[in-house]
Amino acid sequence: MGKKDVLAKMYLGQNEIFADAFNYYLFDGKPYIRPSDLVEKDTTELSAIYKTDKLFTNQKFRDVLRLCNIRHFGQTTLILLGIEGQSDVHYAMPVRDYLYDALNYAAQVDDIKRNHDKAKDLTDAEKISGFSKKDHILPVITLCICFDNNTWDGPKSLYDMFSDIPQEILKYVNNYKLNLIAPAEIDDFGKFKSELGALLKFIQISDNKTATRDILNSGEYDNISTNTVKMINEYTGAKISTENAEGGHINMGNAWKELMEDIRIEGQTEGQSKGEEMLSKLLKKLDPGSTEFNKALNATSEERQKMYLKYGIK
């Protein structure tokens, strides 16, 4: 697992971020899921396939899985929620998430069967199934979050991955919809209530220098957690320093200004060194005391550039 994957898994594993992602996607930003409603669950649904089929030995575990108790809609609903973080478009993502969900459903059925085996409380067809008429499994929703500013041009459903299939056949094939959050497709970041919105917004505009400068000068990023800053740095290459963090937070506007000033000074220093090196090469080509030698020593920057061209100095 690469650095980006580890960082994203840790970031998305924060209950505040996790709940905010699903509230945005499922409920248009309404806070129906609270961080306290989430219980961490084991993410190793692929363990059985690791033991039996080499085809899947390189598949990674689901990033984050939580049992969620949603107290809304006039009832309490238990549901399993999973998140997958992506640094780039994954062109087989519908199948990948479909696999995770199917394995989780199979694991739930196996757990119920084991409980019945211990209790020895089933007979006939129920015993063969290991699952009684009164048993139920929990629904699973997997959400993919792509931390890339490009438009997701991959498939968003299982159907999108097929070639030209006649409708007469397709209607019998179960589809699987990819639940996706991609920065380029977000219009209203105000629906996020955590710093996940700030992260995705920064990723969206990261290739636009003017927009980046304006947003950092706006005060919107004056109190951002170091966890979010690290994600921004890793996924946009921003290089915002976290050395001056106070209470685990950074004023990104000030940090950005300091970075730009360091780059400006570094550029001036490099430019000065380069200029001195080129002048030295030019003087070596000229006779000391000659008109051209004295001209080179006293020339303006523009005049000196012309002499570099004249004498082939690079």
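These questions and answers cover strands, helices and cores in a predicted model.

Residues are numbered from 1 along each chain as its sequence is written. In this predicted model, local features need pLDDT of at least 70, side-chain atom pairs count only at pLDDT 80 or more, totals for chains, interfaces and linings use all residues, and side-chain values use heavy atoms, with hydrogens and water left out.

Me: How many residues of strand β2 are buried?
Reply: Helices (H or I, at least four residues) and strands (E, at least two) are DSSP runs, numbered from the N terminus. Buried means under 20% relative accessible area, exposed over 50%, partly exposed in between (1.4 Å probe, protein chains only). Strand β2 spans residues 64-72 and is mostly covered. Of its 9 residues, the buried ones number 7.

Me: How many bridges join β2 to strand β3?
Reply: Two strands pair if DSSP finds at least two bridges between them. Strand β3 covers residues 75-86 and runs antiparallel to β2. Leucine 67 has leucine 80 as its bridge partner in β3. The bridges joining β2 to β3 number 9.

Me: What is the bridge partner of glutamate 40 in β2?
Reply: Strand β1 (residues 38-40) pairs with β2 in the antiparallel sense, over 3 bridges. In β2, the partner of glutamate 40 is arginine 66.

Me: Which residue in the hairpin of β2 and β3 takes a positive phi near 60°?
Reply: The hairpin has 2 residues between the strands. The residue with that phi is phenylalanine 73.

Me: Is glutamine 108 buried or exposed?
Reply: Glutamine 108 lies in helix α4 (residues 93-119). Leaving aside neighbours within four places in sequence, glutamine 108 is in contact (heavy atoms within 4.5 Å) with Leu80, Ile137, Leu138 and Val140. Its relative accessible area is 12%, so glutamine 108 is buried.

Me: How many residues are in the largest nonpolar core?
Reply: A nonpolar core is a set of buried Ala, Val, Leu, Ile, Met, Phe, Trp, Tyr and Cys residues joined through side-chain atoms within 4.5 Å. Among the members touching the most others are Ile145, Phe147 and Leu200. A second, separate core of 10 residues includes Leu279 and Ala296. The residues in the largest core number 47.

Me: How far apart in space are lysine 295 and methionine 307, C-alpha to C-alpha?
Reply: Lysine 295 is found in helix α11 (residues 291-298). With a relative accessible area of 42%, lysine 295 is partly exposed. Lysine 295 and methionine 307 are 12 residues apart in sequence. In space, their C-alpha to C-alpha distance is 9.4 Å.
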